[in-house]
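Please look through the model shown here. The paragraphs after it go from the whole chain to single residues.

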Amino acid sequence: MTFYMSSRPAVESSDMSEGLGLWLARLLKPDYDSLPASEWMAYVDVVHTVVRKIAHFSEYCLLGVWIGVDIYLWPVSAIRREESSGDCMADRRSMKSVFLFSWIMASLYAVTDEVHQLFVEGRSGEVLDVLIDSGGALTGAALVCLVLSLVRPVRSDVAGRDISENRGGAEK
């Protein structure tokens with residue numbers, strides 16, 4: 001989806017986000033339609049810019065989550081092999097690896113996406129967009145690690161009880 005949206009010429013891309021921006025402008029500022037033309041245009045530009053930047057951040061936040069979950073669940077990765085050793089330090093390293101790898105991969109994609117836009121009619125590659133995208137990817141990677149760190153201790157505790165209960169049952 002990211003590649004597709006970046007492939008759209010500037011006019012087409014702006015039309016899509018301006019529609020949402022106009023709807024938001026009217027929602028946030030009830031007297032929007034009665035503003036003088038100069039204020040109206042300035043307000044639309046601000047809302048339009050905010051909508052586009054939030055879209056960048058959100059899109060890469062989702063990408064960071066997707067990559068993080070994918071890396072965590074990837075069964076042949078070194079990360080999972082370390083984790084299966086049962087070593088507490090390995091678990092910490094693996095969470096750090098999931099975080100760093102997903103953030104770096106999503107951020108690298110942000111760079112390639114902005115370079116790609118240099119070749120699309122009316123579009124430009126923006127360093128600010130890469131920074132916003134990387135911030136979104138960082139947030140997504142952090143969310144994955146936060147959720148995993150909350151879920152994993154619960155799973156370990158439940159698994160530990162099941163094993164000890166089964167041993168207790170077998171000894172009787």
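## A walk through the model

Buried residues make up 30% of the 172 residues in the protein chain. Here buried means under 20% relative accessible area, exposed means over 50%, and partly exposed covers the range in between, with a 1.4 Å probe and protein chains only. The model is predicted: local features need pLDDT of at least 70, side-chain atom pairs count only at pLDDT 80 or more, and totals for chains, interfaces and linings use all residues. Residues are numbered from 1 along each chain as its sequence is written, and side-chain values use heavy atoms, with hydrogens and water left out.

The protein chain has six helices and zero strands, and from the N terminus its elements read α-α-α-α-α-α. Helices (H or I, at least four residues) and strands (E, at least two) are DSSP runs, numbered from the N terminus. Among contacts in the protein chain with a separation of 6 or more, 72% are between residues 24 or more positions apart; a contact means heavy atoms within 4.5 Å.

How far does the predictor trust its model? The mean pLDDT of the protein chain is 78, and 73% of its residues reach 70 or more. This score is the predictor's confidence in each residue, from 0 to 100. Confidence is highest in helix 3 (residues 37-73), with a mean of 88, and lowest in helix 4 (residues 78-84), with a mean of 51. Over residues 87-92 pLDDT stays under 50, and the model has four contacts beyond four places in sequence for them. Where pLDDT is low, the predicted coordinates should not be read in detail.

Leaving out residues up to four places away in sequence, Leu-63 touches Ala-106 and Tyr-109.

Several residues of helix 5 can be followed one by one. Ser-102 lies in helix 5 (residues 88-117), and Ser-102 is buried because its relative accessible area is 0%. A polar atom of the Ser-102 side chain lies 3.1 Å from the backbone oxygen of Phe-99. Apart from neighbours within four places in sequence, Ser-102 is in contact with Gly-64, Ile-67, Gly-68 and Ala-141. Met-95 has a relative accessible area of 13%, so Met-95 is buried. Ser-107, another residue found in helix 5, is buried because its relative accessible area is 12%. Beyond neighbours within four places in sequence, Ser-107 is in contact with Ser-134 and Ala-137.

Ala-137 belongs to helix 6 and is buried, since its relative accessibility is 0%. Which residues does Ala-137 touch, not counting residues up to four places away in sequence? They are Tyr-60, Cys-61, Gly-64, Trp-103, Ala-106 and Ser-107. Ala-137 and Tyr-60 are 77 residues apart in sequence, and their C-alpha atoms are 4.9 Å apart in space.

Cys-61 is itself buried because its relative accessible area is 13%. Cys-145 counts as buried too, because its relative accessibility is 10%. The structure holds zero disulfides, a disulfide being a pair of cysteine sulfur atoms within 2.5 Å.

The last stop is helix 2 (residues 10-28), where Gly-19 lies. Gly-19 has a relative accessibility of 41%, so Gly-19 counts as partly exposed. The C-alpha atoms of Gly-19 and His-48 are separated by 8.8 Å, and these residues are 29 residues apart along the chain.

Technical notes:
Polar contact = N/O pair within 3.5 Å; in protein donor to acceptor, adjacent residues only side chain to side chain.
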